[in-house]
Structure formats: structure tokens, C-alpha cells
Amino acid sequence: MSTEHLMGVYNRAPLEVDRGQGARLWAKDGTEYLDCVMGISTNALGHANPILVQAVKDQAEKLWHVSNIFKIPGQEALADALCDKSFADVVFFTNSGTEAVECALKTARRHHVANGQPERIDIYGFDGSFHGRTYGAINAAANPSYTEGFGPKMEGFHQLVWGDKEALEAAFRNPTTCAVILEPVQGEGGCRATPDEDLRWMRQMADETGVLIIFDEVQCGMGRTGKLWAHEWAGMTPDIMAVAKALGGGFPIGACLATAHAAKGMTVGVHGSTFGGNPLAMAVGGAAFGEISKPETLAHVNEIAGYLKQQLHGLAQRFPDIIVDVRGKGLLLGVKLVPNNREFMGWARDTQQLLVAGGGDNCVRILPPLNLTLEEAREAVERFEKTCEVARGKLAA
Ligand SMILES: *Cc1c(COP(=O)(O)O)cnc(C)c1O
């Protein structure tokens, strides 16, 4: 066995995973790790969560897959739950985040066609954003390292500088603008959060111009920031939203949520998916969403996030030679570093058995399960602190 027959697109850490339980991950050689990556904020309820394990087992013995040519009760139930707890009226289920984004982009363009304005095709994204790896998603994020070498840029996609309000206002006022797409809190880009007042201003601009707002909450949604949806902090809502990652608690599920108004062009035959919303996925998604959307889960996130943020700010003061900035929202925490973030992740893993994720702008991201205990949070901080000491030693050497 080796990686010889795997397409060489990943830079994998030298860690052969074996099993997990809660916030712990064990390698094949028996080493135990504290996992603050959690499948990049996907296993929000921890590894091998008993409620999700039971949901998989029960459904696996009953029915896995049919097709969307049939009515799937689990799909209707999860769509009801999602709409009940969001701005949305309708949902389309996918298997991944990028497919949810793809559906969001298609929904936005079809909206204007249904409105008799087919010329409105322009979609604006922001630098530092990440929307997945399909063609629509890479064009929407327009990060050159993901688009270069993949043929011509798709027509109608534009990138704005994050925080450039003037350019954004011009984009809203452009008569051929279809939508703007953004992550309320950027994930891969380094945990930058768009200020609440800017999100509210965007809502006003969108209402005035008919431009649709697409939020990509694939990473920052599902309780990660301490509210079920990250945009709730701003007291505004988008027209369309892509969700995935934690929605299945580690099982591949995505969803595109929309208002009935935004989705008016999504009529019979214009979109579809073989696997999207199959009974097995819906059983797990229903169980995960039920747990994550509980008020006590969200209250716990805020408690643990408050502790971690305070502790990390303390570390930033004591290690100004290592830590540049602590940012992010809730348990989507980014620490911008002086030493190379990839090297730092390696030191954390190999000397402290602490797993953290990388991120843009030389950040590491701390993405623990939402049900991390205070005890485990203390342990994470201790291990992070010791990694800072290791880093200090390396920089001095
Ligand atoms: C992970 C991610 C995606 C892509 O999800 P996949 O399931 O990998 O396709 C899209 N948007 C954001 C914000 C993400 O974090």
C-alpha cells in the first residue's frame, strides 16, 4: 500500500489514521491526537458520535438509495427542519459543498431569467474566499491558484477586493449583476469575518437593486460561530445559502437553501442529482441537524469559544514573536503566525499530538468539535502554548 495510485493532488500529513472517538483521533501506530481539525469543521459532533452511528446503522438496514424520481420522506423532514430554522423556503440536497455552491449559482442566474432579465449574469466573489473545486465554484472564488491551467475563465464571474465597499457598491448598481457570493466568515482564506454592519448594508443594496445575495456557509454555518447560521450575528438574511460540511456530521451531504422568490426559476428538469438527498444521507443529516440546532449546543459553542479566544489572546500577548493575530468567530478560530503555518502544524502534530488546520494568510485554524468539553479546551490551549514554545526554540536556533 502506498499513495502511488492516488492522484497527486494532496499534500498529506504523515499520519495514517485508524479510528476516532469524540475529539480524539488515533493513528495506526497507536498515537493519540487531540483533533482540532475535525475533517475541516465537518465532524461537528466529534468522531463516532453514538447518535449518528445509530442513525447510520438503523437506516443502513432499511434503505440506502432510491432516486429523486420518488418521494423521500427523510428529505422532506430535513428540508422542513432547515426551513423552520432559517430564512429559506426551499432546499436542494447535494453530496458536497461545491455542489451546493453550484446549485446556488444556477439558482441565482435562473432567478433573473424567470424575472425576464436574462442579461443579469454577472456574479461577484471576493479575494480570499473559497467555494469548492467545481468550475463554477473556482470561478466564483477566482483564486488564481485554483483556476490557472483549467482553460478560459468562465464568462460573467468577477472578483472584488474583500472590504472594498466602493467597488462592491458599483457591482450592486451594475444593471447586469446577478448576485454576489461570499462567506460571512471566510474559512480557508484565514478566518476573516465581514463586519455585521457591512452585511446589513449589503442587504439594503440588494433589496434596492434586485441583486441576489448568496452566502457560502459551508464552513461557517451549522453552529460553528455560535449561532446556527453565521449571518444571524448581523441580523440579516441572504437570498440563497450553500451549506455542507457539518450538515452530515461527517457524512457527505450538502444543501442549497433559498427563498421562494430567489428560487422561482428552479422548475422541473432544470437541475438534479443522483445521490443528492438519498435516504441514508438524510437519516444522518436529520440526526446531525437535530443535535447541532439545539439551543444548548449553540450555548455550549459560545462558552467554549469565549474561553478559547480569551486564552489565545493571552498567548498572543506572551508570544508576540510567534502570534500576529487571533481572529474568527465562535469555533472557527484563526491564529495568524510569524513562523510558517505548515511548519507550525507539523510541530503541533509531532511534538504535542495536537491537530490544527492550515489556512490562508499564514493562519492555522482551530476547528474543534462543537461539543468539545472545557477540559479538552484547556488541553488544546496547553498543547498550543507548548507548540509556541517549540516554535520559539526553532526560530532562535
Ligand atoms: C469546504 C468548502 C467548500 C467546498 O466543499 P466540498 O464539500 O469540498 O465541495 C465550499 N465552500 C466553503 C466555504 C468551504 O469551506
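Which side chains meet in a salt bridge at 3.0 Å, N to O? I found that the side chains of glutamate 208 and arginine 173 do; I took a salt bridge to be a side-chain nitrogen of Lys or Arg within 4 Å of a carboxyl oxygen of Asp or Glu. Glutamate 208 lies in helix 8 and arginine 173 in helix 7, 35 residues apart, so I noted the pair as a link between distant parts of the chain. Helices here are DSSP runs (H or I, at least four residues), as are strands (E, at least two), numbered from the N terminus. Over the whole structure I counted 19 salt bridges.

I recorded that this is a predicted model, in which local features need pLDDT of at least 70 and side-chain atom pairs count only at pLDDT 80 or more, while totals for chains, interfaces and linings use all residues. Residues are numbered from 1 along each chain as its sequence is written, and side-chain values use heavy atoms, with hydrogens and water left out.

I next looked up aromatic pairs and found 4 in the whole structure. I counted rings of Phe, Tyr and Trp (its six-membered ring) as paired if their centres lie within 6.5 Å, with planes under 30 degrees apart stacked, over 60 edge-to-face and the rest tilted. The rings of phenylalanine 172 and tryptophan 201 are edge-to-face, because their centres are 6.1 Å apart and their planes stand at 85 degrees. Phenylalanine 172 belongs to helix 7 (residues 165-173) and tryptophan 201 to helix 8 (residues 196-209), 29 residues apart.

I then turned to the domains, whose bounds come from an automatic or database domain assignment. Domain 1 covers 17-48 + 296-396, and domain 2 covers 63-292. I found 28 Å between their centres, taken over C-alpha atoms. In contact (heavy atoms within 4.5 Å) are 27 residues of domain 1 and 26 residues of domain 2.

How much area is buried between domain 1 and domain 2? I noted about 2100 Å², of which carbon and sulfur atoms give 58%; this is the accessible area (1.4 Å probe) that two parts lose on being put together, summed over both. In domain 1, Leu298, Lys329 and Leu332 lose the most area to domain 2, together 30% of what that side buries.

Finally, I looked for salt bridges across this interface and found 2. I also noted that lysine 329 forms a salt bridge with aspartate 196, the closest N and O atoms being 3.4 Å apart.
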